[in-house]
Every structure is written in C-alpha cells, then in structure tokens.
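I opened a new entry for this chain.

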Amino acid sequence: GQEEFDQDSFEEHSVYRKSIVWSKEIVHWSEGVYFKEKRTLRDVYRVLVNAHLVPVKLSFACGEEMVGDMFSVDIALKEYDLARIYLERTENSLHALMLSGILPDEFISSYKQAKCLLKEVNNDIKRLRSQKPSLGII
C-alpha cells in the first residue's frame, strides 16, 4: 500500500521551520523596499529572490529524506546544496545592505539568522553525505 505523508515529521524539521519564519520577515522587507519604495537595488533584489527560495529548497530536501528510496539521498543533497547557495547569496547581499546603511537595524538579526541557517544546512549536508553508501567496485 501507499505510505501516508507524515506532515508532523516534515514540519518538525528544524532548519525548514526556522527558514520559513526568517524568509517571511526578510522577503516582506525586501518587497517593500523594491516595489513600494521603488529602490531597485541589486542586493535588495537578490534578497527578495533568494530568501524566498531557501524554504522551498529545504522543503524539497526534507521531503526527499522522507521518501527513503535509492535516489532520495542524492536528490536531498542537491536540494540542500541549492538552499545553501540561496542562503549564501542572501547573506552576502544582507551584509552589503548592512554596510551601506540600507538594511534597517531591526533586520540585522536576519543577517545573523542567515549565518545560523547556513551552518544548519551545512550540518544537514554533512549528515546526509555520511549516510550515503560509498560506490566502490566489488
């Protein structure tokens, strides 16, 4: 039979849950700056696009981990790697916006949260890589 999707396990995935809260806050700010204030700055746009994609990629990675077939680890690793790239881009742009004085003080914590999320994603990548069977010739 078909296995049921375990919504609770999915939502309990720590880095995914944290990324949703983080993303909503920083995407909301960047949308306001980019679209309402018409400040079409490169780094604001990068925050808007990349921060939005982080929880999407983490949800795909978590979902693949729950599949548990012979392809799921490889696919989950690719999704985590994309989440890592989007986080790094967001972090770099938040840092640039912070240095230029554009990022308001109340969002400096978003920059710090991006660094923490990045550390967690890197830990998930290491964990999955350690679970991946080696492909030796027998």
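Which helix holds N50? I found N50 in helix α3. I am reading a predicted model.

**N50**

Buried or exposed, I asked of N50? I noted a relative accessibility of 5%. N50 is therefore buried, as the cut-off is under 20%. Next I looked up its contacts, leaving out residues up to four places away in sequence. N50 touches Y86, R89 and T90. I then checked the pair N50 and Y86. They sit 36 residues apart in sequence. Their C-alpha atoms are 4.9 Å apart in space.

**D43**

I moved to D43, which also lies in helix α3, residues 42–67. Its relative accessible area is 19%. The cut-off for buried is under 20%, so D43 counts as buried. Which residues does D43 touch, not counting those up to four places away in sequence? I listed S93, A96 and L97.

**Helix α2**

I turned to helix α2, residues 14–36. I noted 23 residues. From its first C-alpha to its last, α2 reaches 33 Å. That is close to the 33 Å expected at 1.5 Å a residue.

Which residues of α2 are buried? I wrote down V15, Y16, S19, W22, S23 and I26.

Last, I checked what comes just after α2. There K38 takes a positive phi of about 60°.

Methods. Residues numbered from 1 in each chain as written. Predicted model: local features only at pLDDT ≥ 70, side-chain atom pairs only at ≥ 80, totals over all residues. Heavy atoms only, no water. Helix = DSSP H or I, 4+ residues; strand = E, 2+ residues; numbered from the N terminus. Buried < 20%, exposed > 50% of the residue type's maximum accessible area, 1.4 Å probe, protein only. Contact = heavy atoms within 4.5 Å. Expected span 1.5 Å × (residues − 1).
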